[in-house]
Amino acid sequence: MKLHIRFVKSLFSIKSIAQFRLLGVGSTILYVLSLTLLCIVPVLIIFLLSLLSDNKSLSNFESFGLNPDQMQNFASSLDGIFPIIVAVIYAVMYVLFSGILFSGVSILAGIAIPAAKILGRRLAYRHLWVISCYSITLPSVLITILFTLNIHVPHSFIWFWLLSFIICILAITKTPSKKNKKSGI
């Protein structure tokens, strides 16, 4: 199944996320890397438009502890090498965000192991890891949209992982239970 179809289905279909557990780990890794790229592009565009625009401030970045005036002055002092610096910064951010997502997904899958047992589902860690990867789609898109609209949500990191956990648990409930496997249904 193509990445964009998995992306769209992960936004609204818990049942599809549960079915994705059967996909390979390699394609799931590619999916998370693509999702990270998709979510970091609007941040790059806002940053570049803010620097190029004289009357628009960098207010989106203020909530992250960055002073817009200092950023503007720094950017103007680096005329010739600015594109290279931006490319390096965003490459580092991409690797960092990808690492955070992969680490978080791995922890989320580990937390989902006892939840799957409580729900009576026989799922290997690999399946839970894949489900967790697709469970972060909606929270990632929501956080990106909120950032793009310059809406700061307090404790967004906690809300992100809480929503991801809820989606993961709902997807686990859509998988076949142990009883169905034993009885041959």
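Here is a short briefing on the fold, its cores, its ring pairs and its surface.

This is a predicted model, where local features need pLDDT of at least 70, side-chain atom pairs count only at pLDDT 80 or more, and totals for chains, interfaces and linings use all residues. Residues are numbered from 1 along each chain as its sequence is written, and side-chain values use heavy atoms, with hydrogens and water left out.

**Fold**

- The protein has 10 helices and zero strands, with both kinds of element taken as DSSP runs numbered from the N terminus (helices: H or I, at least four residues; strands: E, at least two).
- Going along the sequence, the pattern reads α-α-α-α-α-α-α-α-α-α.
- Take the contacts (heavy atoms within 4.5 Å) between residues at least 6 apart in sequence: 75% of them join residues at least 24 apart.
- Of the 185 residues, 37% count as buried; the cut-offs are under 20% relative accessible area for buried, over 50% for exposed and partly exposed in between, with a 1.4 Å probe and protein chains only.

**Cores**

- A nonpolar core here is a set of buried Ala, Val, Leu, Ile, Met, Phe, Trp, Tyr and Cys residues joined through side-chain atoms within 4.5 Å.
- The largest one has 30 residues, and Leu128, Trp129, Ile136 and Ile172 have the most contacts inside it.
- Two or more residues come from each of α2, α3, α6, α7 and α9, and α6 gives the most, with eight residues.
- A second, separate core has nine residues, including Phe47, Leu51, Phe82 and Val86.
- What does leucine 128 touch, leaving aside its neighbours within four places in sequence? The contacts of leucine 128 are Ala109, Ala112, Ile113, Ala116, Leu123 and Ile172.

**Ring pairs**

- Searching the whole structure turns up six aromatic pairs; rings of Phe, Tyr and Trp (its six-membered ring) pair if their centres lie within 6.5 Å, and planes under 30 degrees apart count as stacked, over 60 as edge-to-face and the rest as tilted.
- One of them is the tilted pair of phenylalanine 20 and tyrosine 134, at 4.8 Å centre to centre with 50° between the planes.
- That pair links distant parts of the chain, 114 residues apart: phenylalanine 20 is in the loop between α2 (14-19) and α3 (25-52), while tyrosine 134 is in helix α7 (residues 125-135).
- Phenylalanine 20 counts as buried because its relative accessibility is 3%, and tyrosine 134 is buried too, at 0%.
- Phenylalanine 157 and tryptophan 161 have ring centres 6.5 Å apart and planes at 70°, so this pair is edge-to-face.
- Phenylalanine 157 and tryptophan 161 both sit in helix α9 (residues 156-173), four residues apart, or about one turn of the helix.
- Buried or exposed? Phenylalanine 157 is exposed at 56% relative accessible area, whereas tryptophan 161 counts as buried at 16%.
- Ring pairs also link Phe20, Tyr31 and Tyr134 into a cluster.

**Surface**

- The accessible surface comes to about 10,600 Å², and 72% of it belongs to carbon and sulfur atoms; areas come from the Shrake-Rupley method with a 1.4 Å probe, and for residues only the protein chains shown count as cover.
- Leu96, Phe97, Ile100, Phe157 and Ile158 make a nonpolar surface patch of about 500 Å².
- α6 (82-118) and α9 each supply at least two residues of the patch, and α6 has the largest share, with three.

Notes
Patches are made of residues with over 30% relative accessible area and no salt bridge: like charges are joined within 9 Å, nonpolar side chains (Val, Leu, Ile, Met, Phe, Trp, Tyr) within 5 Å. A salt bridge is a side-chain nitrogen of Lys or Arg within 4 Å of a carboxyl oxygen of Asp or Glu.
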